[in-house]
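Please look at the sequence and the 3D structure below before reading on.

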Amino acid sequence: TIGDSVLSDTEIVYFKKALAKFKTLEITIKEITIKRDVRFLTKENWYLLFSKDTDIDKIFFDFGQLLSQKIKDNRAKLEYIDMRFPDKVFYKLH
């Protein structure tokens with residue numbers, strides 16, 4: 001309905017927290033797609049995919065570990081990171 005909020009207050013806080021976490025990792029987000037899952041498209045043209053009900057702190061802890069330990073200097077080759085599944089992370093380099 002016109003005038004209704006697209007996101008709840010809880011969702012707004014959730015996404016603000018996520019964007020702040022990206023900023024601490026020096027990652028700029030250019031687009032957010034919210035459906036069943038959330039897709040953050042970066043300025044570098046790769047995306048992070050995760051479930052809306054996942055703990056933001058856990059996601060970004062695991063995400064930071066992945067960037068520093070596995071991906072390292074290959075961020076330019078990154079296509080996506082999929083963190084929708086508990087305790088599993090998938091990513092693709094091209």
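This is a predicted model: local features need pLDDT of at least 70, side-chain atom pairs count only at pLDDT 80 or more; totals for chains, interfaces and linings use all residues.

Residues are numbered from 1 along each chain as its sequence is written, and side-chain values use heavy atoms, with hydrogens and water left out.

**Aromatic pairs**

- A pair of aromatic rings is described by the distance of the centres and the angle of the planes.
- Rings of Phe, Tyr and Trp (its six-membered ring) pair if their centres lie within 6.5 Å; planes under 30 degrees apart count as stacked, over 60 as edge-to-face and the rest as tilted.
- The whole structure holds 11 aromatic pairs.
- One of them joins Phe15 and Phe40, which are tilted at 55 degrees between the planes, with 6.2 Å centre to centre.
- Phe15 lies in helix 1 (residues 9–24) and Phe40 in strand 2 (residues 37–42), so this pair ties together parts that are 25 residues apart in sequence.
- Helices (H or I, at least four residues) and strands (E, at least two) are DSSP runs, numbered from the N terminus.
- Phe15 is buried at 7% relative accessibility, and Phe40 is buried at 0%; buried means under 20% relative accessible area, exposed over 50%, and partly exposed in between (1.4 Å probe, protein chains only).
- Phe40 also forms a stacked pair with Phe50, 5.4 Å centre to centre and 25 degrees between the planes.
- Because Phe50 lies in strand 3 (residues 47–51) and Phe40 in strand 2, this pair ties together parts 10 residues apart in sequence.
- Phe50 is buried too, with 0% relative accessibility.
- Ring pairs link Phe15, Phe40 and Phe50 into a cluster with Tyr14, Phe22, Trp46, Phe60 and Phe63.

**Helix 2**

- The buried residues in helix 2 (residues 56–71) are Ile56, Ile59, Phe60, Phe63, Gly64, Leu66, Leu67 and Ile71.
- They cover an arc of only 160 degrees around the axis, so they are on the same side of helix 2; the arc is that of the directions from the helix axis to the C-beta atoms.
- Phe61 and Lys70 are exposed on the other side of helix 2.
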